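This report examines selected local features of one protein chain. The sequence and the model are shown first.

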Amino acid sequence: MSERRTDTERGPNFDLAVEEAKPKIKEPPLYRVVLINDDYTPMEFVVNILESIFGMERTRATQVMLEVHTKGKGVCGVYNFEIAETKVAQVMGLAQQHQHPLLCTMEES
């Protein structure tokens, strides 16, 4: 006759349920799009940029423009890398087209 083994005799891993590891999803980094002040670009041009490219209302665009003017730089928005890069390129393109030295950069948030 064969000998029967009980569950406890089979070892500690007999009834162990294996749980699948869930991958941890890391959010992509965000980037601030920043306008840098200069002494030549008209304030109205900056307000128009903030309205047309960043979709700001006139009041908010004026606030950001004044921040750029008084503090030397101002944040236009926070975006993922591709959108931030596109916004910077749009601002720089319009500034060059209108022969303004306006500088726009992006920095990791």
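**Setting of aspartate 38**

Aspartate 38 is located in the loop that joins β1 (30–36) to α1 (43–52). The model is predicted, and the description of this residue rests on that model.

Aspartate 38 is buried but forms no salt bridge. Lysine 73, the nearest side chain of opposite charge, is 15 Å away, whereas a salt bridge requires a distance within 4 Å between the side-chain nitrogen and the carboxyl oxygen.

Two backbone nitrogens are reached by the side chain of aspartate 38. That of tyrosine 40 lies at 2.7 Å, and that of leucine 102 lies at 3.5 Å.

When neighbours within four places in sequence are left aside, aspartate 38 is in contact with Pro101 and Leu102.

**An aromatic pair between β1 and α3**

The structure contains two aromatic pairs. In the pair formed by tyrosine 31 and phenylalanine 81, the ring centres are 5.3 Å apart and the planes meet at 75°, so the arrangement is edge-to-face. This pair connects distant parts of the chain, with tyrosine 31 in strand β1 and phenylalanine 81 in helix α3 (residues 81–97), 50 residues apart.

The two partners can also be described by their accessibility. Tyrosine 31 counts as buried because its relative accessibility is 15%, under the 20% limit. Phenylalanine 81 has a relative accessible area of 35% and is therefore partly exposed.

Note on methods. Residues numbered from 1 in each chain as written. Predicted model: local features only at pLDDT ≥ 70, side-chain atom pairs only at ≥ 80, totals over all residues. Heavy atoms only, no water. Helix = DSSP H or I, 4+ residues; strand = E, 2+ residues; numbered from the N terminus. Buried < 20%, exposed > 50% of the residue type's maximum accessible area, 1.4 Å probe, protein only. Lys, Arg positive; Asp, Glu negative; His and termini not counted. Polar contact = N/O pair within 3.5 Å; in protein donor to acceptor, adjacent residues only side chain to side chain. Contact = heavy atoms within 4.5 Å. Phe/Tyr/Trp six-rings, centres within 6.5 Å; stacked < 30°, edge-to-face > 60°.
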